[in-house]
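Student: Hi! I'm new to this one, could you walk me through it?
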Amino acid sequence: MKVTIIGLGYVGITTAAGLAEIGHNVIGYDIDSNKVESLKKGISPIYEPGLDELLKKNLKKKKLGFTTSPEEAIHHGEIIFICTGTPSREDGSADLTQVEGAAKTVARHINGYKLIVEKSTVPVKTAQWIERTMKLYLKKKVDFEVASNPEFLKEGDAIRDFLKPDRIVIGVGSKRAERLLKELYKPIRSPIVVTDINTAEIIKHASNAFLATKISFINMISDLCEATGADVELVAKAMGMDKRIGKEFLRAGIGYGGSCFPKDVKALYHVGTQYGLNFELLKNVHEINEARIDVLMKHLKNALWNLKDKNIAIWGLSFKPNTDDIREAPSLKVIKRILNEGGKLTLFDPVAMENMKKVYPEKYPEITYAKDMYEAVKDKEALVILTEWDIFKEACLSKVKELMLTPIIVDGRNIYKPKKVRKMGFEYYPMGRP
Ligand SMILES: NC(=O)c1ccc[n+]([C@@H]2O[C@H](COP(=O)([O-])OP(=O)(O)OC[C@H]3O[C@@H](n4cnc5c(N)ncnc54)[C@H](O)[C@@H]3O)[C@@H](O)[C@H]2O)c1
């Protein structure tokens with residue numbers, strides 16, 4: 001089938017490469033010409049394991065192409081996916097201007113029946129706005145429909161999640177749209193849940209908000225463990241063994257970040273309150289998450305007394321492992337707080353340093369970037385761990401201890417066994433553990 005992808009970010013590129021991989025003929029379009037030029041060469045502008053290989057393979061097979069021409073893009077696909085960003089507005093609501101921009105582009109260039117599919121995470125009833133925008137900006141009478149097909153991929157595991165999802169949700173308003181989307185996903189052997197469009201939109205928002213709630217819940221319990229000398233890791237382990245609860249997303253620590261959970265929790269809260277409903281639960285989820293930084297800073301200050309002129313290393317800048325994405329990453333907040341208190345920082349992350357350099361350039365006062373994790377800790381008074389990358393879990397801690405000026409670890413992700421690291425001579429500050 002002929003497919004067009006509008007918006008080539010983490011979701012758009014993965015969708016384009018994934019649909020080409022299962023045999024479709026895909027064109028990706030973005031207003032950012034640098035991204036498009038890089039993608040034409042098979043080089044992904046984002047770090048995602050396996051993505052470059054998939055791009056190169058399908059470009060070579062001519063199953064995949066990229067363009068900055070809206071006309072070429074819209075004429076190509078019978079199915080057009082909108083994968084543009086939906087960031088937060090100041091009031092927490094979703095900013096849908098990129099989605100509106102994509103709808104206007106389709107309206108301007110549409111040349112025959114198109115199924116316009118929102119893959120971006122959007123508030124319920126956004127499809128109706130897309131339909132209205134289309135009708136307002138259409139130059140001639142052309143048949144089109146809007147459907148919802150939310151994306152559930154995780155950065156760092158995006159290709160596997162796209163090709164082998166737990167479920168595919170399609171929200172449709174007609175049998176024709178249902179048939180087209182079922183045919184599109186036929187090569188993927190995952191259950192398909194067919195719903196109306198409003199329901200599909202809510203499924204995505206509700207899923208993300210629920211996962212964020214699990215994280216904030218265990219972080220709330222983490223604070224109780226800390227206050228009472230209990231161990232949140234054991235609480236979470238035993239809770240997670242209950243099949244009704246499950247162990248996923250029950251890890252206490254510095255909290256969630258990234259481009260999805262923070263904005264989706266706020267957006268769903270906003271939608272709920274707009275309908276006059278009590279969605280305070282989600283406000284609490286957000287507030288608990290924000291307060292995680294205070295807990296980590298308390299540990300750091302307990303360890304260093306005060307931070308003025310202290311040399312501190314940070315391991316981990318991305319909001320989670322296996323991605324270079326630093327959007328809403330806890331590292332951004334921690335760096336700001338430490339700098340405000342007069343600390344000096346050396347940062348290391350296996351792939352996210354280039355993105356951090358866009359926020360704090362290399363010559364930024366009081367910040368240095370290390371070549372590797374060991375260089376980062378040399379002569380430092382504390383090491384703060386903010387992302388649970390495998391290389392940090394497997395680090396040679398005796399080497400770390402030798403290199404540091406004072407062997408203090410503040411672990412925002414609970415990646416080490418407290419007894420073991422303390423036995424090695426570290427002062428170790430985990431989250432919610434004695
Ligand atoms: N990143 C994730 O892990 C993830 C997972 C599931 C769902 N989502 C949702 O998918 C959507 C996209 O997320 P992302 O992380 O890929 O976003 P992103 O910000 O990385 O990418 C968005 C892209 O859209 C382009 N764009 C903006 N306006 C455009 C227009 N009018 N025409 C063409 N291109 C345009 C931008 O240049 C950018 O390249 C969001 O709604 C997000 O919530 C994201």
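Tutor: Happy to! Keep in mind that this is a predicted model.

Student: Okay, which residues come nearest to the ligand?

Tutor: Those are Gly7, Gly9, Gly85, Gly101 and Ser120, out of 27 residues around the ligand.

Student: And which helices supply at least two residues of that shell?

Tutor: Helix H1 (10-21) and helix H5 (97-109) each do. The largest share, four residues, comes from H5.

Student: How many of the shell residues are nonpolar, polar or charged?

Tutor: The shell has 12 polar residues, 10 nonpolar ones and five charged ones.

Student: Switching topic: how is the protein chain divided into domains?

Tutor: Domain 1 covers 2-195 and domain 2 covers 285-429. Six residues from domain 1 and seven residues from domain 2 take part in the contact. On the domain 1 side, four of the residues are nonpolar, one is polar and one is charged.

Student: Now strand S9, is it buried or exposed?

Tutor: S9 (residues 311-315) is mostly covered, with five of its five residues buried.

Student: Which way do those residues point?

Tutor: Asn311, Ala313 and Trp315 point one way, while Ile312 and Ile314 point the other way. In a regular strand, side chains alternate between the two faces of the sheet.

Student: Which strands does S9 pair with?

Tutor: Five bridges join S9 to S10 (residues 344-348), in parallel; there, Ile314 has Leu347 as its bridge partner. The chain gets from S9 to S10 through helix H13 (residues 330-340), in a right-handed β-α-β crossover. S9 also pairs in the parallel sense with S12 (residues 382-385) over four bridges, where Trp315 has Ile385 as its partner.

Notes. Residues are numbered from 1 along each chain as its sequence is written. This is a predicted model: local features need pLDDT of at least 70, side-chain atom pairs count only at pLDDT 80 or more; totals for chains, interfaces and linings use all residues. A residue is near a molecule or strand if its C-beta atom, placed from the backbone, lies within 6 Å of it. Ala, Val, Leu, Ile, Met, Phe, Trp, Tyr, Cys and Pro count as nonpolar, Asp, Glu, Lys and Arg as charged, and the others, Gly among them, as polar. Domain bounds come from an automatic or database domain assignment. Two residues are in contact if their C-beta atoms, placed from the backbone, lie within 7 Å. A residue is buried if 20 or more other C-beta atoms lie within 10 Å of its own, exposed if 12 or fewer, and partly exposed in between; C-beta atoms are placed from the backbone. Two strands pair if DSSP finds at least two bridges between them. A crossover is right-handed if, with the strands pointing away from the viewer, the path from the first strand over the helix to the second runs clockwise.
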